[in-house]
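Here are some notes for a colleague who is opening this entry for the first time. Please keep the viewer at hand while reading.

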Amino acid sequence: MFFTTNGAGTVSHVGIYIGNNEFISATSSHGVMINSLSNSYWGPRYLGAKRYL
C-alpha cells in the first residue's frame, strides 16, 4: 500500500495490507503499528496498492 505523507502527492510511506481493512507499517514516531484504512490520518493519504507475489 502506498501513502503520501509529505503533501506532495508522491509516495512517501508504504505498508502491507493484512486484511479486514488494516495494514502494518513502520513509523519513526511510533515504531511498527497496525492501522485501519478508515483512520482519519491514513485514509486521506492512501494513494493505492500493488500486489506482489
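1. Leave aside the neighbours of Y17 within four places in sequence, and Y17 is in contact with M1, E22, F23 and L37. Contact here means heavy atoms within 4.5 Å. Y17 is found in strand β3, residues 16–19. At 46% relative accessibility, Y17 counts as partly exposed. The scale is this: buried is under 20% relative accessible area, exposed is over 50%, and partly exposed is in between, with a 1.4 Å probe and protein chains only. Y17 and S36 are 19 residues apart in sequence, and their C-alpha atoms are 9.7 Å apart in space.

2. A word on the source. This is a predicted model, in which local features need pLDDT of at least 70 and side-chain atom pairs count only at pLDDT 80 or more, while totals for chains, interfaces and linings use all residues. Residues are numbered from 1 along each chain as its sequence is written, and side-chain values use heavy atoms, with hydrogens and water left out.

3. Which backbone nitrogen does the side chain of Y17 reach at 3.0 Å? That of N21. The side chain of Y17 also reaches the backbone nitrogen of N20, at 3.4 Å. These are polar contacts: pairs of N or O atoms within 3.5 Å; within protein, one must be able to donate a hydrogen and the other to accept it, and residues adjacent in sequence count only if both atoms are side-chain atoms.

4. Now look at the two asparagines themselves. N20 is in the loop between β3 and β4, and N21 is found in that loop between β3 and β4 too. N20 is exposed, with a relative accessible area of 69%. N21 counts as partly exposed, at 31%. Phi of N20 is near 55 degrees, a positive value in a residue other than glycine. Phi of N21 is near 65 degrees, again positive in a non-glycine residue. Most residues other than glycine have a negative phi.

5. Step back to the whole chain. The chain has six strands and zero helices. Read along the sequence, the pattern is β-β-β-β-β-β. The radius of gyration is 11 Å, close to the 10 Å that the globule rule gives for 53 residues, so the chain is as compact as a globular protein of that length. Strands (E, at least two residues) and helices (H or I, at least four) are DSSP runs, numbered from the N terminus. The radius is taken over C-alpha atoms, and the globule rule is 2.2 Å times the number of residues to the power 0.38.

6. Some totals follow. Along the principal axes, the C-alpha atoms fill a box of roughly 25 × 25 × 20 Å. Buried residues make up 25% of the 53 residues. Of the contacts with a separation of 6 or more, 29% are between residues 24 or more positions apart.

7. How many aromatic pairs does a search of the whole structure find? The search finds five. In one of them, the rings of F3 and Y46 have their centres 5.9 Å apart and their planes at 65 degrees, so the pair is edge-to-face. F3 lies in strand β1 (residues 2–3) and Y46 in strand β6 (residues 46–48), so the pair ties together parts that are 43 residues apart in sequence. Rings of Phe, Tyr and Trp (its six-membered ring) pair if their centres lie within 6.5 Å; planes under 30 degrees apart count as stacked, over 60 as edge-to-face and the rest as tilted.

8. Is F3 buried or exposed? F3 is buried, with a relative accessible area of 0%. Y46 counts as partly exposed, at 35%. F3, F23, Y41, W42 and Y46 form one aromatic cluster.

9. S25 has its place in strand β4, residues 22–27. At 5% relative accessibility, S25 counts as buried. A polar contact of 3.1 Å joins the side chains of S25 and H13. Not counting residues up to four places away in sequence, S25 touches H13, V14, G15, G31, V32 and M33.

10. Last, G48. Its place is in strand β6, and G48 counts as buried at 15% relative accessibility. Beyond residues up to four places away in sequence, G48 touches M1 and F2.
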